[in-house]
Each structure stands twice: as structure tokens, then as C-alpha cells.
Amino acid sequence: MDAHQPAEPGVPIWYVGHHLPTPKNAINGHTLRTEVATGYDMITTHITNVNFRTRVEQSISSARAENKIHFHIESLDAAEVNLHPGDHISQVIAFTSSWIDLDSDDSLVAHVSRQVLIHELEYAAFCGASNVVIAGPKRRTNVAQYAQVISAALTTGAYMQLLIHLPMAEEEGSVANAGETYDEFAVWDVWNTIRTVCKYNSRVSLTLQIPAKLPSAHLVNRWFAEPVRVLFIPSFTFCPNAKGYPVFSKLHQALLTRYMKLRPTPYVLVSDTHLTPPPPAPAGSGSPQKLRYEPLGYLVYLRHLQKNQPPPTTVEKFGAGYQDYLQAPLQPLADNLESITYEVFEKDPVKYDQYEKAIKLALDARDTKDNIIVAVTGAGRGPLVSRALRAAKASGRSINLFAVEKNPNAYVHLLRHNRDTWNGQVVVIKSDMRSWNPPFKVDIIISELLGSFGDNELSPECLDGVQRVLNPNGGISIPASYSAHYTPIMAPKIYADISSRKNDPDAPETPYVVMLQAIEILAENEYIHRAWDFHHPLPENTMSDAAALGGGLIGLGDGGNDHNMRNSRATFKVPRRGVVHGLAGYFESVLFGDIELSTRPDTIDAKSKDMISWFPIFFPLKTPIHLPDNSEVEVTIWRETSERKVWYEWSVQAFIKGGGGQRCRLGIADLHSSKKNGCLM
């Protein structure tokens, strides 16, 4: 599908297709070439035609006349299909028959519909169709019945995506089911039932129909978290510009831009381009004129939007390919990192700019200007060493600089760097910082040991171990403190990924580093709770007690790290129903003075805008918890430690308040523990 992709650098790739009116004749390579010549990348077709429908309806009539409850529909024949194998099939999205009624109250119709669906899917799979769109349920009441058929259909075509076609919301005033009140989230409820019955199978995704009037921002955000594979855009979704040509409203433009940043990028299908636009809206409605009848105008406008997308942000450029991609956290103490890993960190100018500011501020705070002893502990390939030298020059201070690194391979790199770049200004030490024992005290210790949850890469344990070399009279640690933060989120794509890892029984209890994208923060006002803090240097009495038990040293004694245990409990109000799939974790850090870092989505722009060194951390749930409107989620999380390991445990419960304010538990997740994959000291 590369016929119309832009050659200009920086222009995103969009696949735009044409949803053809139900053709009377079978489509073929010529049909596709005709559409491609006009600028489309793909076309659609219904798998079967009116001949098949006629045969099925006649069979149902005959069965009723004979009082048959069940009967068998024979497979398709050549006169009943619109689809055939061929080279063109990779650029065709197939649609099952819209008259199929899987959730019918009529058991005969439901039984026949199931057979029809399977016949069409099997034939589409034979033809090589990789994407098949299935119309969603026709009513709210029998969704489980519909979902059970979709689940059974997953045995057909092992590589075929089943795309459930749903609107974003029911239109107000036109509820499909008599007697039911309008509910903006009702369609999402339908989808949630379908994917839950199908056990989050990655082959079941969405064709989402975009309306002319968008629903609330809350519902738009909800759909953004779901696996949308196709954006279905009828011509009536467009509005006329001053000259009558079809365009999007500002809200629709923003919606499309947001969706097209997802990975994989959804396909765009334009439909009803052959229809004459409706008459102009009433006077004063803000839409003074009628759309021109320009069948290609919709495509021209979409290509215009494609070429005029805002350039990707720094974070988007860096994160390309990492969206919702799960990575195990680093084990910097247990493992020696490779050069490419260090290189990824070093691409973040924001973090190192903040560190340089903090180092200069710390140097400025020293009473003396000469012979200030500075140590970069865990120096890696040396980016903080370079920043310390620059900060010293900017502050007019004379420093004695040490670079301490346990990784023997990074140590070699530091020696070469000192020779070729730093002009021998640095003393390079090959040592674990916890066992480094210089004959002097250090005035400023600088480290970049922070993890996605702040303390998850053992920064507390490492800085405890090196604190004994810090000058007790005004010695400074950079960072001075850091805190862990969390909130419950809906993350169906991530949950599906973890659930699919059948060969890894520990997958549901492993915290993952992940660039969160297709997620929704469920808490009211997107509240994120501050769990706990660590401060450096520690008070002398705390260090003395820990040292007596072996704390902070390699080879801890029992209880020697107990002062670094933490726990937190928080209750989150959830105004709109949803599903908790896990916890998103973030951190904030004070480097020195007013220089800070943050990965929290609500404070990162104020404290460290465009910082890319850390993605959030995700604590999964083995079994998602479904929440009704106006419920509460209670989260408890622990930072645990043994003689040689640090790990997390977490528990999630859901509640709703009943009559008289009584709290009723809706569900509780297992106690999760990452002890088996804990961070080794």
C-alpha cells in the first residue's frame, strides 16, 4: 500500500481507503487500479452479494414453514461472492454482510447468521484477506450472544483481523432499543463485553465510525485507549468551508492528528462519497452553505491534512517505535550495561542540562572556591563528568573530579575519554561505588541512578553505600531527593500483550518500563498519588543503625536495608466506568535547590519539559477489575527488601458506596509480587 505515500521527508504515512458502495459485480485488480489512480491506497468490498442474501432468506422462510428450529446453510458458490484471490487482495478490506443478525432474539435468525458469518470469514481467509470488518451488535440486550460468536469465529483464518464496526456513541434521541435511556458510554460497554469475552485476543480490534458531532472529551479519550484499526469516516462527517469544499472542524482535525500518531497507525476509510450532500443547515447554525458535490474532495482534503501535520515533538521523535512497548527495567547493579544502552540515555539533553544547572548551583553554594572534591558515581560513559567540568568552569570553581564506575568496559571508555577529551582532568576509578574507600571525603556526589519509579534501580541502596565517603560537614548529594507516584489506568493494549505471553508465568507480576500511549488515567481529574520519598544524605543515626546490620554495603546483613522499605495506600475516585488493567508509575526528583526532574504527565512540562530519559513504569494486574460509574479504587503498594534483593508488591481493590454511605467491595486483585524478578543488589 505505498502508491500514494509522500516522498517528502517528515510527512507521515497515512493509508486512506475508499469504502465503495456495495458492488453488483465482483471486484478485481482493475477495480483497485482505478481507485489507486484517483489517490486511494485501498478499497473495500462486501464478501458476498445479494444472490447469497436471497438464498439465505428463502432458506429461512422454508424452515419457518416446516417449523424447523435449526438447519444447515450450504457454502458459497461463484455467483454469490464479490471477492476473489489475486495480487490486489492485500489492498482490500473485506466487509461481512450488514444483514447478519448475530444477536437476534429470534433463535432461527441467530443460528443462520452464525453460519453465514463463518462461511464469509472462511471464504475471505481463503482469498487472503487480512482485515475483515464485522457490523457490531444491533441491540444492547444480547451482546454476550454476539460476543460468543465472535470468539468462536477466531478459529477461522489464523492471521485475519476481525474489526468490529461501532460508532463512537449512540446518537441522542435515536436509541436503538426502545425504552432505554441515552447513555454516552453504552457503545463502549458493548465493545468492552466483546473484547472481554474474546479474552483480549489481539486479532479482535475496532473499526470506529467518526460522527459529525464528536461526543464528550471523556468518551473520545476512552476510545483512544482502545485498539482502533480503522477510522471509518462517512462523507457527512465533513463540513463545508467558505467555498463549500469538505473540511473537518478543528475538533475533528485534532482527533485525526491524535489517532494518526498511534502505532500501528489506523487506516482511514472514507464512505458515501457518491451521495449528494444533505441540504444546508438552518440559518444561524454556523454552517451557512451546502457541501459541494465533489466525490474526490474528501480525499484531497485528507491528503492536505496529511502533508500539513505538525512536526513530531522531541519526545515523539525519540519514542517512535516504543509506544506501549514493554521493556523489563534495567538491572544496573547485577548487569554491566552495553554502550548502546548508555547512548540512548545520553541523547537526552534536558536531563543533562538540569544536572549541569544543579551542579553549578551546588558549587556556587560552597564557601571555598578551590579544591572542591566532586565524584560522579556510576559514571557510565561520562556525560555527567563532562557536565561537571562545564559547571565548574561556569562557576569559577576549582574542582578535583573523580569518576567511579564498576563496569569494566565503561571504565576503558572513561580512560580514553579522559585522555582525549578531558585532558587528564579526571581521576577514573574502577570500583563499585559501595566499596570505594578513598583516603578523603567528597564534597559533592553526583549520580544518575534513578529509575522509572525513582527508586526501582536501587538508587537508595547505592547512595547509602557511598554516603560514608561524603563530607559530613555540608556534603551535597545530587540528586538530593526523589519520590515515587502512581495512578490506576486502563491499558487494554498492554494487558493483551502481557496476557499473550503464555510461556512466561511471571509476566503478569513484572513491572515494565513502557512509553504509555493508548491508555486512560481513570482517577477523577487524572489524580496521581505521591507514594513515598527518599532523601540524601541520610541522617547519621539512620546510617549508623543500617551499618551495624551491614546496610549499604555489598553483602547486606539481615535487616540492613530495612530503612529503605516503603509502603503506600491511596484511594482514587473514578467518576466514569471503566477497567483497571494496572498502575502507571512516575517519579519526581529534586537535584539541588530548585532544579528538578519529573516524569509525571501533569508536572513534566513545568519541571523538565521534553525530557526523554525515562518512560513510566507499569504495574500490571493478572485479572482486570471492572468499575461502574462513581466507584473507588484503593491501591496499596510496598517496596520490599531482603539481604540481596529489592522488589515491589501491589494490591488493588474496587468499591462503591451503597445506601447510607456504606462501602461495598466490587472486586479485589491478587496480591502481586515481583520478588522473583526483583532488582539484585
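Predicted model: local features only at pLDDT ≥ 70, side-chain atom pairs only at ≥ 80, totals over all residues.
Visitor: Let's start with helix 3. Which residues does helix 3 cover, and how many are there?

Guide: Helix 3 runs over residues 107-127, which is 21 residues. From its first C-alpha to its last it reaches 30 Å. That is close to the 30 Å expected at 1.5 Å a residue.

Visitor: What caps the N-terminal end of helix 3?

Guide: Asp 106 does. One of its side-chain oxygens lies 2.9 Å from the backbone nitrogen of Leu 108.

Visitor: And just after helix 3, what does Gly 128 do?

Guide: Gly 128 takes a positive phi, about 100 degrees.

Visitor: OK, neighbours. At what angle do helix 3 and helix 4 cross?

Guide: Roughly 30 degrees. Helix 4 is residues 143-153, and the two axes come within 11 Å.

Visitor: Why are helix 3 and helix 4 called roughly parallel?

Guide: Angles under 35 degrees count as roughly parallel. The axes of helix 3 and helix 4 cross at roughly 30 degrees, so these helices are roughly parallel to each other. Their crossing is right-handed.

Visitor: Which residues in helix 3 meet helix 4?

Guide: From helix 3, Ala 110, Arg 114, Leu 117, Ile 118 and Leu 121. They meet Gln 145, Gln 148, Val 149, Ile 150, Ala 152 and Ala 153 in helix 4. By class, that contact has eight nonpolar, two polar and one charged residues.

Visitor: Why would residues three or four places apart point the same way?

Guide: Because an α-helix has 3.6 residues a turn.

Visitor: Switching to helix 11 and helix 12. Where are they, and how do their axes cross?

Guide: Helix 11 is residues 349-364 and helix 12 is residues 383-395. Their axes come within 8 Å and cross at roughly 45 degrees. That makes helix 11 oblique to helix 12.

Visitor: Left-handed or right-handed crossing for helix 11 and helix 12?

Guide: Right-handed.

Visitor: Who's in that contact between helix 11 and helix 12?

Guide: On the helix 11 side, the residues include Tyr 352, Tyr 355, Glu 356, Ile 359 and Leu 363. On the helix 12 side, Leu 384, Arg 387, Ala 388 and Ala 391 are among them. The residues of this contact divide into eleven nonpolar, one polar and six charged.

Visitor: Now helix 6 and helix 7. At what angle do they pack?

Guide: About 20 degrees, with the axes 11 Å apart. Helix 6 is residues 217-224 and helix 7 is residues 250-259. That angle makes helix 6 roughly parallel to helix 7. Helix 6 passes helix 7 in a right-handed crossing.

Visitor: What makes the contact there?

Guide: Val 220, Asn 221, Trp 223 and Phe 224 of helix 6, with Leu 255, Arg 258 and Tyr 259 of helix 7. By class, that is five nonpolar, one polar and one charged residues.

Visitor: Where is Pro 537?

Guide: In the loop between strand 19 (529-535) and helix 16 (540-548).

Visitor: Last one. What is phi of Asn 67?

Guide: Near 55 degrees, a positive value in a residue other than glycine. Asn 67 lies in the loop between helix 2 (50-65) and strand 3 (92-95).

Conventions:
Residues numbered from 1 in each chain as written. Heavy atoms only, no water. Helix = DSSP H or I, 4+ residues; strand = E, 2+ residues; numbered from the N terminus. Expected span 1.5 Å × (residues − 1). Polar contact = N/O pair within 3.5 Å; in protein donor to acceptor, adjacent residues only side chain to side chain. Axes fitted to C-alpha atoms, helices over the stretch in contact; angles between N-to-C directions. Parallel < 35°, antiparallel > 145°, perpendicular 65-115°, else oblique. Left-handed = near helix turned anticlockwise from the far one by under 90°. Contact = heavy atoms within 4.5 Å. Nonpolar A, V, L, I, M, F, W, Y, C, P; charged D, E, K, R; others polar.
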